[in-house]
Amino acid sequence: MSFVLIKGTFHVLGYSPDGDSIRFKANDSSLWKKLSGPAVQCNARGHVQLRIEAIDALETHYQGFFQPEKPARAAARYLLSHLGINEVVWYEAHSNVIKAQDGTAGYILSRSTESNRRPVAFVFAGETEEKDGAEINLDESILKESLNYRLLARGMAYPMYYNGLFSDLRRPLTEAVTNARQQGKGLWPHDRTTRGFPVSDLNAITKEVAILPKLFRRIVDYMGEGGQIGGFKEHLQKGCEPLVRIEQVHFTRLDAVVDVRGEKVRLAEPPENLIFMDKVLCKKS
């Protein structure tokens with residue numbers, strides 16, 4: 001489980017960070033070439049958008065919609081505070097940051113990029129004695145120092161696993177999720193993902209209940225211009241999102257684990273029991 005260590009700084013000025021979104025500038029941009037996958041996409045400021053591995057935080061801005069404000073913003077505040085980004089001032093409507101103690105030091109551990117050319121990263125605050133560009137064996141003790149793990153352990157994000165995540169790392173992350181849920185931390189007292197929630201309109205999932213953000217995004221994609229939830233499963237079938245049920249070791253698709261009965265929707269599996277796969281597999285199945 002060798003990862004490339006890349007040192008740099010974190011940036012939010014002019015951006016819209018939330019609980020799982022942050023921009024990063026590498027001290028040595030040539031190190032991006034050490035990652036497998038599509039070339040990293042840098043903007044004119046040399047900043048890249050990270051995909052923070054294994055987490056999915058409540059949405060604060062998705063196509064003009066948002067999830068319950070209190071737990072969503074709590075995750076964003078924790079992320080920024082953990083990375084040492086303080087005195088944050090937002091533009092009206094919380095749309096983007098106009099002032100902050102920006103450019104704080106930190107580093108990431110990454111092996112690859114994803115289809116949107118973002119490094120898939122474990123994120124760490126502060127300095128390390130390890131050499132920039134070093135190959136690091138990411139074990140459980142290092143994992144528990146990451147922002148990824150700490151967000152899950154505090155109940156501030158949902159688990160979101162993809163097929164590139166090693167099982168030896170996934171297990172302690174799932175344990176952190178289970179403990180946070182049992183202790184009622186963070187978003188979990190508000191969560192209705194597997195218990196079910198009514199969707200008469202989008203107000204039900206923007207103001208009243210917290211659900212897995214991936215499921216929230218799919219509902220917004222379907223209902224964003226109005227309409228009823230009744231055809232949602234058919235919408236998911238057309239989108240085809242392959243996944244594996246971990247406990248059953250069963251290859252299936254997102255539409256197979258989403259129940260829709262009348263106006264009530266539920267995910268039939270807890271999110272930590274799902275591994276999402278590359279959509280290319282849909283074309284092969």
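Predicted model: local features only at pLDDT ≥ 70, side-chain atom pairs only at ≥ 80, totals over all residues.
Close-up 1. The ring centres of Tyr222 and Phe232 lie 5.9 Å apart and their planes meet at 45°, so the pair is tilted. This pair links distant parts of the chain, with Tyr222 in helix H6 (residues 213–223) and Phe232 in helix H7 (residues 232–239), ten residues apart.

**Close-up 2. The tilted ring pair of Phe10 and Phe24.** Among the eight aromatic pairs that the structure holds is the one between Phe10 and Phe24, whose ring centres are 5.2 Å apart and whose planes stand at 50°, so that this pair, too, is tilted. Phe10 belongs to strand E1 (residues 2–11) and Phe24 to strand E2 (residues 23–26), and the pair, 14 residues apart, links distant parts of the chain. Phe10 and Phe24 are both buried.

**Close-up 3. Phe3, its ring cluster and Arg111.** Phe3, Phe122 and Phe166 are linked into a cluster by ring pairs. Arg111 lies over the face of Phe3, at 5.8 Å from the ring centre.

**Close-up 4. The salt bridge between Asp168 and Arg171.** The side chains of Asp168 and Arg171 meet in a salt bridge with an N to O distance of 2.3 Å. Both residues belong to helix H4 (residues 167–182), where, because they are three residues apart, they are separated by about one helical turn. Asp168 counts as partly exposed at 43% relative accessibility, and Arg171 likewise counts as partly exposed, at 49%.

**Close-up 5. The salt bridge between Arg181 and Glu272.** Arg181 and Glu272 form a salt bridge through their side chains, at 2.9 Å from N to O. The pair links distant parts of the chain, 91 residues apart, since Arg181 lies in helix H4 and Glu272 in the loop between strand E17 (264–267) and strand E18 (274–276). Arg181 is partly exposed, with a relative accessible area of 30%, while Glu272 counts as buried at 11% relative accessibility.

**Close-up 6. The buried salt-bridge partners Arg51 and Glu53.** Of the salt bridges in the model, which come to 16, one joins Arg51 to Glu53, with the closest N and O atoms 3.3 Å apart. Arg51 and Glu53 are both buried.

Definitions and conventions
Residues numbered from 1 in each chain as written. Heavy atoms only, no water. Salt bridge = Lys/Arg side-chain N within 4 Å of Asp/Glu carboxyl O. Buried < 20%, exposed > 50% of the residue type's maximum accessible area, 1.4 Å probe, protein only. Helix = DSSP H or I, 4+ residues; strand = E, 2+ residues; numbered from the N terminus. Phe/Tyr/Trp six-rings, centres within 6.5 Å; stacked < 30°, edge-to-face > 60°. Lys NZ or Arg CZ within 6 Å of the ring centre and 35° of its normal.
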